[in-house]
Amino acid sequence: MIELIGKADYRGKDNSAKGDKLKYDKKNETFKFEGRSQLSDAPLFIDADFLDYDKNKQLGYAIGNVVYRDTSEGLIIWADTLD
């Protein structure tokens, strides 16, 4: 378990994450953010004011000024909430 506070910036082999506060569980591949956040798990990219993401389950929840990009599909979604 990794917890980063204050301009958190995590870079793994296949993913990266930025935010004000970040909790990353490497074993379970889960991310929990507080404050404006960015998650990159190519080909998926998510920016939001609040974000939780579980890579193994391929489930996520984003709130506030959400921008979701799937570069493999050429898809961009803007929303207030996305799950």
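User: Why is Glu-34 called partly exposed?
Analyst: Glu-34 has 44% relative accessibility. Buried means under 20% relative accessible area and exposed means over 50%, with partly exposed in between (1.4 Å probe, protein chains only). So at 44%, Glu-34 counts as partly exposed. Keep in mind that this is a predicted model, where local features need pLDDT of at least 70, side-chain atom pairs count only at pLDDT 80 or more, and totals for chains, interfaces and linings use all residues. Residues are numbered from 1 along each chain as its sequence is written, and side-chain values use heavy atoms, leaving out hydrogens and water.

User: How do you know what confidence the protein has on average?
Analyst: From pLDDT, the predictor's confidence in each residue, from 0 to 100. The protein averages 87, and 100% of the residues score at least 70. Strand E1 (residues 2–11) has the lowest confidence, with a mean of 81, while strand E7 (residues 75–82) has the highest, at 94. Strands here are DSSP runs (E, at least two residues), numbered from the N terminus.

User: What makes Lys-21 and Glu-34 a salt bridge?
Analyst: The N to O distance is 4.0 Å. A salt bridge needs a side-chain nitrogen of Lys or Arg within 4 Å of a carboxyl oxygen of Asp or Glu, and this pair is counted as one. The partners sit in distant parts of the chain, Lys-21 in strand E2 and Glu-34 in strand E3, 13 residues apart.

User: What about Glu-3 and Lys-21, and which parts does that pair tie together?
Analyst: Their closest N and O atoms are 3.6 Å apart, and they form a salt bridge. Glu-3 lies in strand E1 and Lys-21 in strand E2, so the pair ties together parts that are 18 residues apart in sequence. Both are partly exposed, Glu-3 at 43% and Lys-21 at 22%.

User: Why is Asp-47 called buried, and what does its side chain meet?
Analyst: Its side chain meets Arg-69 in a salt bridge, 3.5 Å from N to O. Asp-47 lies in strand E4 and Arg-69 in strand E6 (residues 59–70), so they tie together parts 22 residues apart in sequence. Asp-47 has a relative accessible area of 11%, so it counts as buried, whereas Arg-69, at 31%, is partly exposed. Elsewhere, salt bridges with shared partners join Glu-3, Lys-21 and Glu-34 into one network. The structure holds seven salt bridges.

User: How do you know that E2 and E3 pair?
Analyst: Pairing takes at least two DSSP bridges between the strands. Nine bridges join E2 (residues 16–25) to E3 (residues 30–41), and the strands run antiparallel.

User: What makes Phe-31 and Phe-33 a stacked pair?
Analyst: Rings of Phe, Tyr and Trp (its six-membered ring) pair if their centres lie within 6.5 Å; planes under 30 degrees apart count as stacked, over 60 as edge-to-face and the rest as tilted. The structure holds four aromatic pairs. Phe-31 and Phe-33 are 6.1 Å centre to centre with 10° between the planes, hence stacked. Each of these two residues is buried. Ring pairs also link Phe-31 and Phe-33 with Tyr-10 and Tyr-24 into a cluster.

Note on methods. Helices (H or I, at least four residues) and strands (E, at least two) are DSSP runs, numbered from the N terminus.
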